[in-house]
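Dear colleague,

Please find the structure below, followed by an account of what was found in it. I would be grateful if you could read the two side by side.

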Amino acid sequence: MTEINMKINIAGVEWNNPVVTASGTFGFGREYGEYIDLNKLGAICVKGLTLAPRQGNQPPRIAETPAGILNSVGLQNPGVKYFVEHEIPFLKKYTSKIIANISGNTVEEYCSMAELLSDSDVDLIEMNISCPNIKEGGVAFGTNARTVNSITREVKKHCKKALMVKLSPNVTDIKEIAKAAEDGGADALSLINTLLGMVIDINTRRPILANNVGGLSGPAIKPVAVRMVWQVASVVNIPIIGMGGIMTGEDAVEFLLAGASAVAVGTANLIDPTACMKVLEGLENYMYRNNIKDIKEIIGKVEIN
Amino acid sequence: MYKQNYLSKISYKKEIVPGIFDMRVVCKEIAQQAKPGQFLNIKCCEGLTAILRRPISICDIDTKNQEIRFIFQVKGNGTKLLALKKVGDNIDILGPLGNGYYINDQYTNPLLVGGGIGVFPLLMLIKSISSQNSTVYLGFKNKEMVVLEKDFHKVCSNLQIATDDGSYGHKGYVTQLMEKKLQKDPVDIVYACGPEPMLRLVNNTCKKYNIPCQISLEQRMGCGIGACLVCACKIKTTQDWEYKHVCKDGPVFWGNEVIFDD
């Protein structure tokens with residue numbers, strides 16, 4: 001069998017392969033480290049961090065939907081300082097790159113976190129301006145091109161690491177938002193975050209989630225995600241990490257063809273703790289089957305009708 | 001060695017009362033590791049319908065035949081599909097997961113209290129307790145829904161059944177049986193599993209009589225291993241409280257650390 005090259009480069013950071021975990025579905029890697037060899041991941045994107053610790057939302061925080069799930073965890077996390085002191089040393093034991101995902105209520109909070117993490121061993125910072133599950137900040141920053149541009153510009157001043165901006169699909173024109181982030185100095189983009197949704201229990205006549213609404217993820221949103229990655233890839237020159245319902249290697253190939261340079265596995269982790277490995281194997285098999293020697297050969301190679 | 005999910009063959013299946021299925025699967029690894037109070041996270045079907053696993057408590061283990069027994073009620077899509085599986089089919093199981101009941105020989109006089117589908121994990125528990133002086137109270141909606149009476153009887157002589165409508169055994173709740181016993185005859189630990197209103201009452205009663213109790217909580221769950229953080233429950237801290245998670249920190253907690261919201 002011929003050698004294949006799975007290495008990719010995201011904003012100056014070289015990954016061994018394009019498979020990364022989607023923030024919030026993989027904790028800080030500890031639990032999954034009991035099921036898979038974390039060294040085999042391209043990168044690990046950790047649970048969303050905030051400046052101060054957060055308890056998150058009241059349960060129930062999850063509801064199943066057709067081919068998907070709705071969640072409203074509300075960024076339960078121990079805070080960025082705890083992460084730097086207690087979780088980075090664990091993650092550093094592995095060769096996978098480390099991506100810290102940050103959320104704030106104010107621009108200043110994003111900047112403080114970027115500063116704190118700039119002096120740490122993380123490889124990339126993912127700025128989450130698309131979380132639908134917190135009251136202030138979050139998605140409010142991510143749905144207006146002007147605010148996306150100014151927050152990216154501001155955070156970039158305080159950030160010595162490569163900065164990736166995570167985009168919300170809950171917008172009218174994703175291209176406009178993507179360009180605003182790129183103009184603001186984003187080194188990479190990740191998309192899509194969850195779609196805002198609602199599930200009602202018809203017997204109690206109440207929403208299942210205590211928060212009433214939450215973020216939809218899983219295979220149900222994959223076509224939306226592929227479409228958005230393709231649209232964004234057509235207007236920006238920075239790398240894209242594509243995500244939304246990836247369960248298999250074939251799903252990952254779709255995202256790469258649409259223009260993503262890397263792919264994040266999210267909901268699938270909740271169902272199968274070895275999901276990332278299966279996506280990676282499926283991706284490699286596709287390459288062998290189609291005689292593709294370098295993963296970069298298929299990025300953005302969709303042939304539009 | 002990494003942990004993994006297991007494709008396990010169904011060796012037995014029976015609808016024991018309408019809508020409640022007794023199922024057994026063969027899996028050496030799970031049978032060897034499982035402890036009372038732990039649970040399985042079961043994929044009810046292949047493909048994208050009922051996409052999440054369903055957490056179901058372990059009812060009993062047959063170590064000789066490497067068989068795991070679990071009993072579930074058909075409630076939604078997932079359990080409906082699981083109930084359609086046949087003997088000989090394979091199902092994808094992750095487990096055993098979570099922390100089970102705290103068993104210690106210092107407890108010579110334990111009381112087990114179960115309600116509805118919460119009675120199932122107590123069977124493996126009572127079999128694992130060495131004390132011959134255990135008491136079991138099981139509560140059901142009505143006579144038709146009484147399950148596992150024979151199984152419990154085999155291993156415990158102090159068994160009482162209560163039904164909400166009085167169609168079988170004591171009329172009323174198991175917590176009434178519990179209160180009556182504790183008034184004259186203290187126990188040294190209470191183990192409970194059942195619906196939240198029952199657990200609240202058990203918890204309050206234990207507090208009143210100053211008896212330690214262990215309760216098994218339930219919450220809508222995702223990964224089952226402590227990563228996705230959806231199955232939150234309020235647990236006391238020295239200062240205040242925090243959200244812990246049923247799958248990894250529980251499902252069994254000490255009653256005095258659990259906060260039930262009003």
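Are H1(A) and H2(A) roughly parallel or roughly perpendicular to each other? Please bear in mind, before the answer, that this is a predicted model.

In chain A, helix H1 covers residues 80-91 and helix H2 covers residues 107-118. Their axes lie 10 Å apart, and the packing angle is about 15°. Angles under 35 degrees count as roughly parallel, and H1(A) and H2(A) are therefore roughly parallel to each other. Their crossing is right-handed. On the H1(A) side, the contact involves Val80(A), Lys81(A) and Val84(A), which meet Met113(A), Leu116(A) and Leu117(A) in H2(A). Sorted by class, this contact contains 5 nonpolar residues, 1 charged residue and no polar ones.

A second pair of helices in chain A is formed by H7 (residues 249-258) and H9 (residues 275-289). Here the axes are 7 Å apart and the angle is about 70°. Since angles of 65 to 115 degrees count as roughly perpendicular, H7(A) and H9(A) are described as roughly perpendicular to each other. The crossing of H7(A) and H9(A) is right-handed. H7(A) contributes Gly249(A), Glu250(A), Ala252(A) and Val253(A) to the contact. From H9(A) come Val279(A), Glu281(A), Gly282(A), Leu283(A), Asn285(A) and Tyr286(A). The classes represented in this contact are 5 nonpolar, 3 polar and 2 charged residues.

What are the bounds of the domains into which chain B is divided? Domain 1 spans 5-97, and domain 2 spans 110-216. The centres of these two domains of chain B, taken over C-alpha atoms, are separated by 24 Å. Where the domains of chain B meet, 12 residues of domain 1 are in contact with 11 residues of domain 2. On the domain 1 side, strands E1 (5-17), E5 (60-62) and E6 (67-73) of chain B each supply at least two residues. That side of domain 1 of chain B is made up of 8 nonpolar residues, 3 polar residues and 1 charged residue.

Yours sincerely,
A colleague

Note on methods:
Residues are numbered from 1 along each chain as its sequence is written. Chains are lettered from A and ligands numbered from 1 in the order in which they are written. This is a predicted model: local features need pLDDT of at least 70, side-chain atom pairs count only at pLDDT 80 or more; totals for chains, interfaces and linings use all residues. Domain bounds come from an automatic or database domain assignment. Two residues are in contact if their C-beta atoms, placed from the backbone, lie within 7 Å. Helices (H or I, at least four residues) and strands (E, at least two) are DSSP runs, numbered from the N terminus. Ala, Val, Leu, Ile, Met, Phe, Trp, Tyr, Cys and Pro count as nonpolar, Asp, Glu, Lys and Arg as charged, and the others, Gly among them, as polar. Axes are lines fitted to C-alpha atoms, for helices over the stretch in contact, and angles run from 0 to 180 degrees between N-to-C directions. Angles under 35 degrees count as roughly parallel, over 145 as roughly antiparallel, 65 to 115 as roughly perpendicular and the rest as oblique. A crossing is left-handed if the near helix is turned anticlockwise from the far one by less than a right angle, and right-handed if clockwise.
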